[in-house]
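Trainee: I've got a new model on my screen and I'd like to learn how to read it. Could you walk me through it?

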There are 2 protein chains.
Amino acid sequence: MSITIACGQMEVLPGRPDVNTNKILDLIEKAKTEGVDLLVFPEMSIPGYLLGDLWEQPAFLKDCEHFGEQVIAASQNITVIFGNVAIDWQKYNEDGRPRKYNAAFIAQNGKLLPTNTGYPFIIKNSLPNYREFDDKRHFYSLNWLCQEQKLTLKKALHPVPVTLQGKKTKLGVFLCEDGWTEHYLTDVPAMLAGNGAELLVNISCSPFTLGKNNKRHRVFGQQATQFQLPVIYCNNIGIQNNGKNIYTFDGCSCVYGINGKVLCQAPMFEESLLRFSWNKKSNKIAVMDNTMPSLFDTQGCDKNNAPKKLKIRKPKTSPEVFDETNQPEAAIIYKALEYGTSHFLEQCGIKYMVIGISGGIDSAVSAALYAKILGPQNLILVNMPSRYNSGTTKEIAQLVAQNLKTNYMIIPIQESVNHTVAQLTENPIHNYATNRDFKLDVTSFQRENIQARDRGARIQAGLAAAMGGGFSCNSNKSELTVGYATFYGDIAGVVAPLGDLWKHQVYELGHYLNEHVFQKEILPPQVFSIKPSAELSQAQTVGNGGDPLIYEYHDYLFSSFIEKWNKAAPEDILEHYQAQDLETYLGCTAGLITKLFPSPAAFIQDLEKWFKLFAGFSVAKRIQAPPVISVSRRAYGYDHREAQLVPYFSLHYQELKAAILEAAEVTVQKAPIPDITLKK
Amino acid sequence: MSITIACGQMEVLPGRPDVNTNKILDLIEKAKTEGVDLLVFPEMSIPGYLLGDLWEQPAFLKDCEHFGEQVIAASQNITVIFGNVAIDWQKYNEDGRPRKYNAAFIAQNGKLLPTNTGYPFIIKNSLPNYREFDDKRHFYSLNWLCQEQKLTLKKALHPVPVTLQGKKTKLGVFLCEDGWTEHYLTDVPAMLAGNGAELLVNISCSPFTLGKNNKRHRVFGQQATQFQLPVIYCNNIGIQNNGKNIYTFDGCSCVYGINGKVLCQAPMFEESLLRFSWNKKSNKIAVMDNTMPSLFDTQGCDKNNAPKKLKIRKPKTSPEVFDETNQPEAAIIYKALEYGTSHFLEQCGIKYMVIGISGGIDSAVSAALYAKILGPQNLILVNMPSRYNSGTTKEIAQLVAQNLKTNYMIIPIQESVNHTVAQLTENPIHNYATNRDFKLDVTSFQRENIQARDRGARIQAGLAAAMGGGFSCNSNKSELTVGYATFYGDIAGVVAPLGDLWKHQVYELGHYLNEHVFQKEILPPQVFSIKPSAELSQAQTVGNGGDPLIYEYHDYLFSSFIEKWNKAAPEDILEHYQAQDLETYLGCTAGLITKLFPSPAAFIQDLEKWFKLFAGFSVAKRIQAPPVISVSRRAYGYDHREAQLVPYFSLHYQELKAAILEAAEVTVQKAPIPDITLKK
């Protein structure tokens, strides 16, 4: 007996149960025509998942319930597994709000199948609450329910007997994090298997992260082997956000065979009905013809925000499936940024973008990315020179626009900057206590920031409004880490597509854009070879000093402060510096540190300077920064949450520092007071 | 036998275990000289509590452990209860990081007392994860430990026997949320009492919220009565933040007698050693002489961020204790804003502030508040007229500066705005696809936002830098709710002191400032009587239309969207509108709605317009808004978390709308597409 199963890898629009249900219902009808017995949808496929505190609005919850009933009613002659919020209005969450579960429903012939908890749905047990996840904030765990009901988890985690092709089959259905068992008390798949499950089905709403799919293949593949059960993984596509972080969802729904291998997989970032058949007796999965990866026009709303009548696309004869295996990191980053940025702009209704183009790498890469997303005709690249901008960078800026065949303009800012400085310094300030007037001075450093804000808040914001669109924040993660950027200047815009990339990743993305995306030198060679520089003063030009950041080292140092699962602090850095394995620890080029820092004192001074900025003033800037398309294992924003604190150096750091400096026979110098005013 | 007990109501500096321990050690010494037997410190008094993800940095955790050991060592001849993070480096949290507990330690004669869990500390069981709280993100619950260790909560929640005055006393020590038992499975105080506790001690790190202390008095007072045990409540003062929200901690440590009444209380927002004696036999609390509410100069760091040698202040003979009982709301709001803003500026090292002063109520109240905090000599009030600003408001602006005896200047922006418009419209844009040039237009609406950004990002940010300080964001909660403010214009600045106040609360605070804080008319009468207006166009002046918001209604409508525990949605509003009890439901003036809206259609149009802004574009603005001093039951930011979503109107809303409009015999008009570009 072979059972035909399909994963409905759909785009989920967060907060729009009407739109999502529309899509689910269409997919159910389509699956019926394809002879599917069991159709699986992702976790939270009706409400969406990252919704902030919209979970606290009962009106929204009631609609999620209502739309769930529509899906149940549509399950005539088919079995449908779908994720939704389940509400028990008679009970409370710990916060006193209505009891909410993150649940999987199994519907067949218009009815829900019962489970051992007494509820007709399966409840998520392991509620992730790290990184961007807030499950414990909103949902009640199966574990807590078992305590309340004096039920054992062993009893509660029983597979659900489902009649498929006329025979009872025990389905072990579980939700997302319940498959990632490493540090939870309860191993959900093991318990389901131990209780006699014949097939494991994981429904997920799992944001894309670089490297995560490989880890999943290891973890889920191992479960399939260990329990000798096929594991189905069903994930959605689309974007969801929690304000500061915009996540892409890559789908990649797949089936793990009992050999632990991925037997078939839906394409990355594409809607798809992934079909396969399962022979219960032989426990084998047979891959079916899946030549229709792109199911729908993915926009689920019409202009008035009502659910749209969906049109099924014609089957592509040779689908362009993106396979991340063996791709360079830049290719996967490009894929995620292109997908995330385009969907975010679409959700915001933004069709035109202004990109401040300086001639540096960040804005050039940004421009090329937006040109692919919106089309070059829908961009304005604006170069905004002051007297410090070189001919070299102005030329690069123009070349990029020319190569992209986009719109280009030059708006000089010197006159406005001079006017601002004059207004700040020449207008008298009257003191009503003394009845005297006085005036202020503007330093050359303050002039730098005046330039940056003139470009961001005056020109780009004004242009974006005049164009009826938005403007881009081109900041990268290296700059955001230490606040090497100006409030309301370059940390401004509707979205920061490069905000989760280290500077070296921006360069790699630039090369990838030339070589693979455009397949010609859209970004001219000079943009890769000039010294990065903010060009805001005589001292900071492409000819002179350039940026104070040494990206080949600082990218890796900064990454250790935020991206290591157990975050590195200065004491960890000094420990490895002392042990002479710091480059290995950080993952940067061997021999670099000795080359860069002539003495331990110089090394320590650099470390303290940047750490103070990272843990100090830059936090204030990040609090007001635009949302970031998030791709790394830890992005600034809601993923890596921050309080504004006074930077702290641990006791062990201070001991190490003293010992290292003493050993180097260098006078211990007092740590410099942090230069918290450093800005681009 | 009488036992002398004290609460060490200290200021906790988040993320500075060195500074906090310094203070704890001094307080222990002081308590010894005062004959204290049992000294109680707040929850997380060593590390601080709202630290974002600093909890993930092992170096920081190790120092917290180390400083905890110093406190333990200092407990010679005294018993000390203190809150700290407890780490079990051999075990894991669910996220795979080192196991962390939010714990209370009882130290006596240099040693920790054992508990029933096998650990020498008491573990918090109820981990709050609503509003600003993230306990489940970082800490492992006692409940989970009990599951892991196959221990019953009844056994784990045993009071700790402590020898006080030579006799064993069973102390029922518990942490913060464990006293707020309503919706948790385990009633911790009841279990402690049932297990024979003779005294209940709650250590907290509880942020100030309007109305919360009254609720605590009911909840904790009821426990004291029910169990016939005195309840000690020890809370810290200071400020802590999680980026977007700055919370004040009001202390108000107190003792509840077995009659449920507060017998003595430490002052609000003041360091204090609250002493009292407990007669174990009679179970009576005797209040002691507490004429030293202000213990220390509260700044714990010196200029180099090292812990400071603390100086104990001379006892005040008549301490100015602020008692919130019977105070008007505006008095309590003033107290919290003054405390929160001043401490936040101090932590940021900001001594000078620029306040854009328009002549409206928000900036006037803001100016008066900062004048009290920093002194009028450290402010610049800047009026930035364009051609739309009236003589009336310019006069008010100047009068406020004059009355405050502060610094005042006028910087007109018309020339700069004209220059910007000219640059945006006269510079040709070259299209490299067609090789033709084109130009853009700027609408009058876009001119409005150019003015706002010119004031914020060009003038105020520039002035603040020239002054070596910051500038204020004067936005209120009504504006923030619907984004009635401009990106990089008036939603900008280091902090928004009024960002958690509805417009009517800003007016009330204005009156309070005049009548009680300054005791003269610092804010001239006109500022209360003119029509609120942004003065950004001919149509929007104090003479003409004024703001589109009708604060006496919209303040209350907006509050229902965010501040109700179960958030109101448009369907709830329409239900109450239909039932004709909407004013009661919202809490606004009776008869108002009929007066404001001539027809159901007009009412619905208004509701949809604002809800779409609230749930739509304004979220983008809040994501980039400055931190808010938080005082209400729900503040924008990390307290009320938001995703950028497409606004959603529920099915029931649509039914109600159709029914209401039909009943009114009005043609159903299509909902207007949201005017997402509305800005101030």
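Trainee: What percentage of the residues in chain A are buried?

Mentor: Buried means under 20% relative accessible area, exposed over 50%, and partly exposed in between, using a 1.4 Å probe and protein chains only. In chain A, 66% of the 680 residues are buried. Keep in mind that this is a predicted model, where local features need pLDDT of at least 70, side-chain atom pairs count only at pLDDT 80 or more, and totals for chains, interfaces and linings use all residues. Residues are numbered from 1 along each chain as its sequence is written, chains are lettered from A and ligands numbered from 1 in the order in which they are written, and side-chain values use heavy atoms, with hydrogens and water left out.

Trainee: How many helices and strands does chain A have?

Mentor: Helices (H or I, at least four residues) and strands (E, at least two) are DSSP runs, numbered from the N terminus. Chain A has 22 helices and 23 strands. Its radius of gyration is 28 Å, close to the 26 Å that the globule rule gives for 680 residues, so chain A is as compact as a globular protein of that length. That radius is taken over C-alpha atoms, and the rule is 2.2 Å times the number of residues to the power 0.38. Along the principal axes, the C-alpha trace of chain A spans about 90 × 60 × 55 Å.

Trainee: What do the contacts in chain A join?

Mentor: Contact means heavy atoms within 4.5 Å. Take the contacts in chain A between residues at least 6 apart in sequence: 71% of them join residues at least 24 apart.

Trainee: Can we look at single residues? Where is T209(A), and what does it touch?

Mentor: T209(A) sits in the loop between β9 (199–203) and α7 (212–227) of chain A. With a relative accessible area of 6%, T209(A) is buried. Leaving out residues up to four places away in sequence, T209(A) touches R131(A), V631(A), S632(A) and R633(A).

Trainee: And E655(A), is that buried or exposed?

Mentor: E655(A) counts as exposed, at 53% relative accessibility. You'll find E655(A) in helix α22 (residues 651–663) of chain A. The C-alpha atoms of E655(A) and G110(A) are separated by 69 Å, and the two are 545 residues apart along the chain.

Trainee: Now chain B. Which residues does N143(B) touch?

Mentor: Not counting residues up to four places away in sequence, N143(B) touches Q147(A), N125(B) and L153(B). N143(B) belongs to helix α4 (residues 142–149) of chain B and is buried, with a relative accessible area of 11%.

Trainee: How do I check the span of helix α11 of chain B?

Mentor: The expected span of a helix is 1.5 Å times one less than its number of residues. Helix α11 (residues 414–426) of chain B has 13 residues and should span 18 Å; its end C-alpha atoms are 18 Å apart, which agrees. Buried residues in α11(B) include H419(B), V421(B) and L424(B). Among the elements covering the buried residues of α11(B) are α11 (414–426) and α12 (444–467) of chain A.

Trainee: Last one: what is the phi of N435(A)?

Mentor: N435(A) has a positive phi of about 60 degrees although it is not a glycine. N435(A) lies in the loop between β20 (429–431) and β21 (436–438) of chain A, and counts as exposed at 53% relative accessibility. Look at N77(B) too: phi there is near 60 degrees, a positive value in a residue other than glycine. N77(B) is in the loop between α2 (58–73) and β3 (79–92) of chain B and, at 68% relative accessibility, counts as exposed.
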